[in-house]
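Reader: Hello! Could you take me closely through one part of this model, and show me how it sits among its neighbours? I would enjoy one connected answer.

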Amino acid sequence: MVDRLGMCYLILLYLFVNSEANARRISMVENCFGSSGQPLAVPGRVLVGEGVLTKMCRKKPKARQFFLFNDILVYGNIIINKKKYNKQHVIPLEEIKLESLEDEGQLRNGWLIRTTSKSFAVYAATSTEKQEWMAHINKCIEDLLRKSGKKAAEVYAAVWVPDSEAHICMHCKKNQFTVLNRRHHCRNCGEVVCGPCSNKKFLLPNQSSKPVRVCLNCFDTLSKAKLQNNFQNNLTTRPDTKDRTGSADSSWEEDSDEDEDNINRAYQESDKSKFYGSSNPTVTAEDADVTEENTISIDQKK
């Protein structure tokens, strides 16, 4: 009986220490974002891992700091490495779907992070790091959906074509982009188009509460689909029933990456991603194995 009580005490002490370590890590992340970020410490939230990934932005790939929690994925711009970040983005895990990318030239070890409001590509320093990130994110998503009863998203935003891959309008194939003839992105298909080929707007509730820029092809397709849906709804609802098109606000923000060259840092080989208690990354704060001794650096894994 004494041995049993002693073991229970050691387990409770062990869990308390781990919970405190997790709380300290989350507090450090909050402090790094400062007033520009939202509070991240909530009951049951665990910091699973963190590290620098290269995000494909509009004009070129740029380093971004990522934090994986057991219910959200957070990333931001690096002002001072491991000390200060800004432009915090928070993505609920139930809205995320991952897709692996084939290596292409210098763009290696990448995958797509698809969400309902914004989709983009990220790249890790090594293939091992890519596998670790994808495995941990997918495991967190799987556990979250199973434990919370939430449903995975069914519609995902298009990945924007980088500016460097389009020298002429992808719609009309005529207008060449210059300083005066600016590039625009269709929010529905992600293609790079000229102003005249994207002078229409359409409401995409997953991305914004207001109509957003779309290309002429997408505008025609979306308009026809809306008319068809309205016609079908009128057959099954009363004449005075209004069309309740979704107007939920979105946390999507257009990247201002092109204005941040002065605060970006190149990825340093010494900055390896870390995962805490990787054998079970989505346990609750009370049983998370997040002690310093169990911090796992990717380059140490076999």
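Author: Let's start with helix 2, whose 22 residues should span 32 Å at 1.5 Å a residue; its end C-alpha atoms are 31 Å apart, which agrees. The expected span here is 1.5 Å times one less than the number of residues in the helix. Helices (H or I, at least four residues) and strands (E, at least two) are DSSP runs, numbered from the N terminus. Please keep in mind that this is a predicted model, where local features need pLDDT of at least 70 and side-chain atom pairs count only at pLDDT 80 or more, while totals for chains, interfaces and linings use all residues. Residues are numbered from 1 along each chain as its sequence is written, and side-chain values use heavy atoms, with hydrogens and water left out.

Which residues of helix 2 are buried? They are E129, K130, E132, W133, M134, H136, I137, C140, I141, D143 and L144. Buried means under 20% relative accessible area, exposed means over 50%, and partly exposed lies in between (1.4 Å probe, protein chains only). The buried residues of helix 2 pack against strand 1, strand 2, strand 5 (97-100), strand 6 and strand 12 (274-276).

Now look at the charged side chains along the helix. K139 and D143 both belong to helix 2 and sit 4 residues apart, about one turn of the helix. They form a salt bridge in which the closest N and O atoms are 2.7 Å apart; the term asks for a side-chain nitrogen of Lys or Arg within 4 Å of a carboxyl oxygen of Asp or Glu. D143 counts as buried at 3% relative accessibility, whereas K139 is partly exposed at 30%. Salt bridges that share partners join K139, D143 and R146 into one network.

Just after helix 2, G149 takes a positive phi of about 80°. Next comes K150, whose side chain meets that of E94 in a salt bridge (3.7 Å, N to O). E94 lies in the loop between strand 4 and strand 5 and K150 in the loop between helix 2 and strand 8 (184-185), so the pair ties together parts that are 56 residues apart in sequence. E94 is buried, with a relative accessible area of 16%, while K150 is partly exposed at 43%. The whole structure holds 7 salt bridges.

Contact here means heavy atoms within 4.5 Å. L73 stands opposite I91 in strand 4, and L68 stands opposite L73 in strand 3. Strand 3 (residues 72-80) is mostly covered, with 7 of its 9 residues buried. Strand 3 runs antiparallel to strand 4 (residues 84-92), joined by 7 bridges; two strands pair if DSSP finds at least two bridges between them.
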